Amino acid sequence: MQSWSAPTVPVLPGRGPALRLYDTADRQVRPVSPGPTASMYVCGITPYDATHLGHAATYLVFDLIHRLWLDAGHQVNYVQNVTDVDDPLLERAERDGVQWQALAASQVELFGADMTALRVLPPRDYVAATEAIAEVVELVEKMLAAGSAYIVDADYPDIYFRADATEQFGYESGFDRATMLELFAERGGDPERAGKADPLDALLWRAARPGEPSWPAPFGAGRPGWHVECAAIALSRIGSGLDIQGGGSDLVFPHHEFSAAHAESLTGERRFARHYVHAGMIGWDGHKMSKSRGNLVLVSKLRAQGTEPAAIRLGLLAEHYRSDRFWDDATLAAAEARLDRWRAATALPAGPAADDVIARVRRYLADDLDTVKALAALDGWTTDALEYGGHDTSAPRLVATAVDALLGVAL
């Protein structure tokens with residue numbers, strides 16, 4: 001699948017510091033230590049209603065990581081999937097009376113346009129689930145052979161993964177069994193399915209049903225489960241031991257827990273990823289933003305109303321990425337005012353020296369993406385430039401270059 005176009009990322013003098021990030025599994029901030037090529041797998045959209053601000057906030061987090069790795073001198077192997085066949089997509093297509101393939105294609109195109117507008121760096125590999133059927137089939141075959149998967153003997157012989165197939169299952173989320181069961185039921189699982197060995201066992205392969213898309217496989221026609229899709233794509237495009245597996249905090253369990261367990265059951269490794277990184281949720285009007293609530297704020301609608309994508313980006317970066325937070329008109333107004341001031345300051349013929357503020361922005365961002373401090377540092381330089389001036393003729397352009405390179409905001 002073709003990803004969106006990449007913006008140019010300017011190069012700053014020197015190198016940024018090594019990155020430290022909060023790891024969901026370890027419950028602490030610790031160093032990220034990639035080799036010359038840093039690897040990152042981020043779960044993509046299910047394309048039936050894209051792109052709301054929750055999506056945008058999540059992908060901005062990993063865009064910052066991508067940019068900081070580039071600034072530190074790494075190459076980046078970034079892989080993102082698209083779940084272009086799944087129950088929510090099929091249900092929406094049926095509701096709207098359109099083909100599911102057409103709905104998926106239209107929403108993927110919209111998502112790409114939104115990412116381009118927000119200047120999010122694209123993944124190196126952008127892979128649809130329907131493009132990875134062969135890899136999924138191979139993994140399911142191996143899990144069946146290893147005994148970590150089994151077939152439910154029913155009219156539709158679905159294949160399930162044993163939650164106890166790895167001794168460490170549950171280490172990523174740290175949840176107890178009761179919490180797991182509750183979230184499993186809320187987030188696409190089927191704990192009540194008859195014939196399963198354990199209510200927590202997760203679907204690997206949904207056997208073909210009348211009127212549903214399916215693909216041939218040695219164990220019977222069907223389509224992939226959600227979690228195995230990501231395991232298959234990550235293993236085939238990056239391999240085991242990737243540096244970061246990431247997404248929104250609502251993916252910690254069951255999706256990321258199971259996709260990691262699928263891979264670990266085959267590789268024998270203790271951890272699928274060296275770091276598990278998750279972004280907080282974005283709310284509107286006092287509630288989490290979600291399709292079921294009908295309270296989505298869509299990036300495309302904001303753009304259509306004339307909102308500048310750079311302001312959207314700054315508004316989403318104004319609070320720490322791990323915090324659950326709300327978007328409102330005041331958030332956008334503050335971001336627009338900040339953008340205007342930064343542009344005014346960097347348009348001056350001269351300003352205060354830039355070396356210190358750029359070093360501080362680099363240091364704050366490398367410390368678990370502390371955008372709050374990074375933006376405040378830039379606000380301070382902006383105030384000095386606008387109110388007191390300066391004599392460094394290279395400083396305004398250098399600050400603008402840093403804001404572009406590190407924060408993805410073109411001034």
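**Exercise 1. How are α10 and α12 oriented to each other: roughly parallel, roughly antiparallel, roughly perpendicular or oblique?**

Some ground rules first. This is a predicted model, in which local features need pLDDT of at least 70 and side-chain atom pairs count only at pLDDT 80 or more, while totals for chains, interfaces and linings use all residues. Residues are numbered from 1 along each chain as its sequence is written, and side-chain values use heavy atoms, with hydrogens and water left out.

*Solution.* 
- Step 1: locate the elements. α10 covers residues 329-346 and α12 covers residues 371-388. Helices (H or I, at least four residues) and strands (E, at least two) are DSSP runs, numbered from the N terminus.
- Step 2: take the geometry. The two helices pack at about 50 degrees, with axes 9 Å apart. Axes are lines fitted to C-alpha atoms, for helices over the stretch in contact, and angles run from 0 to 180 degrees between N-to-C directions.
- Step 3: classify. Angles under 35 degrees are roughly parallel, over 145 roughly antiparallel, 65 to 115 roughly perpendicular, and the rest oblique. α10 and α12 are therefore oblique.
- Step 4: α10 passes α12 in a left-handed crossing. Left-handed means that the near helix is turned anticlockwise from the far one by less than a right angle; clockwise is right-handed.
- Step 5: list the contact (heavy atoms within 4.5 Å). On the α10 side, Arg-338, Arg-341, Trp-342, Ala-344, Ala-345 and Thr-346 take part. Their partners in α12 are Leu-375, Leu-378, Asp-379, Trp-381, Thr-382, Thr-383, Ala-385 and Leu-386.
- Step 6: sort by class. The contact of α10 with α12 holds 8 nonpolar, 3 polar and 3 charged residues. Nonpolar covers Ala, Val, Leu, Ile, Met, Phe, Trp, Tyr, Cys and Pro; charged covers Asp, Glu, Lys and Arg; the others, Gly among them, are polar.

**Exercise 2. Describe the packing of α13 against α12 and α1.**

*Solution.* 
- Step 1: start with α12. The angle between α12 and α13 is about 165 degrees, and their axes lie 12 Å apart. The pair is therefore roughly antiparallel.
- Step 2: α12 and α13 cross in a left-handed way.
- Step 3: name the residues. Leu-375, Leu-378 and Trp-381 of α12 meet Ala-395, Pro-396, Val-399, Val-403 and Leu-407 of α13. The contact of α12 with α13 has 8 nonpolar residues, no polar and no charged ones.
- Step 4: turn to α1. α1 and α13 pack at about 120 degrees, with axes 7 Å apart. They are therefore oblique.
- Step 5: name this contact too. α1 supplies Leu-64, Arg-67, Leu-68 and Asp-71, while α13 supplies Asp-404, Ala-405, Leu-406 and Leu-407. By class, the contact of α1 with α13 has 5 nonpolar, no polar and 3 charged residues.

**Exercise 3. How many of the 12 residues of α6 are buried?**

*Solution.* 
- Step 1: place the helix. α6 covers residues 226-237 and reaches 17 Å from its first C-alpha to its last, close to the expected 16 Å.
- Step 2: count. 9 of the 12 residues are buried, so α6 is largely enclosed by the rest of the structure.
- Step 3: name them. The buried residues of α6 are His-227, Val-228, Glu-229, Cys-230, Ala-231, Ala-232, Ile-233, Ala-234 and Leu-235.
- Step 4: look just past the helix. Gly-239 takes a positive phi of about 100 degrees.

**Exercise 4. Is Asp-153 buried or exposed?**

*Solution.* 
- Step 1: Asp-153 lies in the loop between β6 (149-151) and β7 (159-161).
- Step 2: apply the cut-off. At 78% relative accessibility, Asp-153 counts as exposed.

Terms used: Buried < 20%, exposed > 50% of the residue type's maximum accessible area, 1.4 Å probe, protein only. Expected span 1.5 Å × (residues − 1).
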